[in-house]
Amino acid sequence: MKITNIKSDSFWFVFLLILALLLWLLNLGNLPLRDWDEGYYATVAQDMFQSGNWLYLTYSDQPFLLKPPLIIWLINISYNLAGINEFTTRFLCALITSFGVPLLYLVGRNLFVKQEPAIFSSLVYLTLLPMVRHGRLAMIDGIINTFFIFAILSLLKSKKQPLWAIGFGFGIGLIALSKGILALALGGILGVYILWDREQEAFKILLTKITQLLGLKAIFKPILIALKNSDKSLLNNYFLWIGLLLGFLPVIIWYYLQIKYYGEQFIQVHFLQQNFDRLSTAVEGNSGSPWYYIVELIKYSLPWLLFLPNGLFLAWKKRQKSWGKLVLVGFFLFLGIITIMGTKLPWYIMPIYPFFALAVGYYLSYLYGGDKQYPKLYTFCFFSLSIMIVAGGIYLWKDTQEIILVIMACLLFITFFLTSQKLKQNSPNFINILVIGLYSSLILLITSSVWVWELNEAFAVKPVANLIKENTPPKTIIYTSFEYSRPSLDFYSDRQILAENNATLEKLASTGSYLLLDQETFDNLKLTDVKILGEVKEFILISTNNQ
């Protein structure tokens, strides 16, 4: 039975939402919060919960000027409803992210003539490892994708129902209230799409001038030839401007109040250091090569990546269609933007995945329908992946002794091997096998203890946090010999723990302080007149000068 036999959009919306909710919410609180973003946002939300101040963000009672407030508000709402823990910290972010799956289905239904590409696009998006992993965390990037998809959906539906243009403004406004300047980039991408798709005369003039200036007229000549007079102008739809005004009104008010309260300090930290510096420099050493995000795609979007080149090729062939324009503009323009940025982090690539999924979903529907000879390269690639998974399973067992990961590796081996066989037989059922196998393996991953694998990069924070919380007064600053400060430790201890070098720690010991030292540093400092408050495996907590 074909998975596309059920034609009801309501069925698919609900079915996809259920699948997404299970994948994003199951075992959401089974692991501690990770550094950096989760620890930061949870600590700021904890401050807000304790103080009741929703307007001016603080981190350990100090101004937190790095991000707009939406994610902090969401976490604090959860804290007020169900207390402070890992599940409530992540819950609303994961919930909102999960809605991106059925919303992308509706985007596909408004882009494609047939239903199959919409179904496959949403299933690809559902089973992308980066979307599941980052979408389950208390991070901004998952919710931004959902707001972005909603903005795209509103834009598409406004062609026939102008009132929907209001939703575009709300979607971009929510992105601005989540991550500030990113709204300009994502809104700009959709602006280029609008010009190409619905304001074609204006776009043709603009593109002609740019290509003449850069000497690229020959490259863009096919696009210029394809452009025709546009239909009814979206820019003349007053609902669009009403939506932008309403969507950005909370953003404008919040920024006005912050600048009025903090003055120059807010401008320097929030706009210059946090936003514009990331465009030109590698903030906190987070740099990378021009191929950084290509490597990220290769590492984490397999096996769907194998179908992406042909999906993008079809988008180019169908560039006269609305979906082709959206995929080409969204994928390549956003990839270009993040590539030229100085600061590079894995989750910056997240907004590319809706376009990725649409391109792959359309190509899968092309393979799914009719009698086609599938490329033999796919058979070879999936067979090779099945062999690689066997080696990976052996490595995971030796490294983690986690039986669930071994079962997951076995499942992926069966999935990829059967997929290769179905591809060899030119059977469209390879998609069914692939989707079911990937989804099941992701379920196994999130039930394991390693889906937040970054937790293994440093010491476990909870025992150390308990030691600090039980032996120091509230709101105390503790100084540690660990090489860097950890926001997750600040959250769990409800104290601020600052990393310092040995020379500074020695000076602090003479002034009366609380110190969290590893055994080697404790021995090297040869401290006197100290009181050992407690120990855990990694650290010794002491007070000096009868603190």
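This is a predicted model: local features need pLDDT of at least 70, side-chain atom pairs count only at pLDDT 80 or more; totals for chains, interfaces and linings use all residues.
1. Start with the largest nonpolar core, which has 163 residues. Trp304, Phe307, Tyr353 and Phe356 touch the most other members. Helix H18, residues 353-368, supplies the largest share of this core, with twelve residues.

2. Now the helix pair. Helix H19 (residues 376-400) packs with helix H20 (residues 403-424) at an angle of about 170°. Their axes are 8 Å apart. Angles over 145 degrees count as roughly antiparallel, so H19 is roughly antiparallel to H20. On the H19 side, the contact includes Tyr378, Phe382, Ile389, Gly393 and Trp397. On the H20 side, Ile403, Ala409, Phe413, Phe417 and Leu423 are among the residues involved.

3. Last, the strands. Strand S3 (residues 477-480) pairs with strand S4 (residues 496-499) in the parallel sense, over four bridges. Ile477 stands opposite Gln496 in S4. S3, helix H23 (residues 487-493) and S4 make a right-handed β-α-β unit.

4. S3 has a further partner, strand S5 (residues 514-518). This pairing is also in the parallel sense, over three bridges. Here the bridge partner of Ile478 is Tyr514 in S5.

Note on methods
Residues are numbered from 1 along each chain as its sequence is written. Side-chain values use heavy atoms; hydrogens and water are left out. Two strands pair if DSSP finds at least two bridges between them. Helices (H or I, at least four residues) and strands (E, at least two) are DSSP runs, numbered from the N terminus. A crossover is right-handed if, with the strands pointing away from the viewer, the path from the first strand over the helix to the second runs clockwise. A nonpolar core is a set of buried Ala, Val, Leu, Ile, Met, Phe, Trp, Tyr and Cys residues joined through side-chain atoms within 4.5 Å. Buried means under 20% relative accessible area, exposed over 50%, partly exposed in between (1.4 Å probe, protein chains only). Axes are lines fitted to C-alpha atoms, for helices over the stretch in contact, and angles run from 0 to 180 degrees between N-to-C directions. Angles under 35 degrees count as roughly parallel, over 145 as roughly antiparallel, 65 to 115 as roughly perpendicular and the rest as oblique. Contact means heavy atoms within 4.5 Å.
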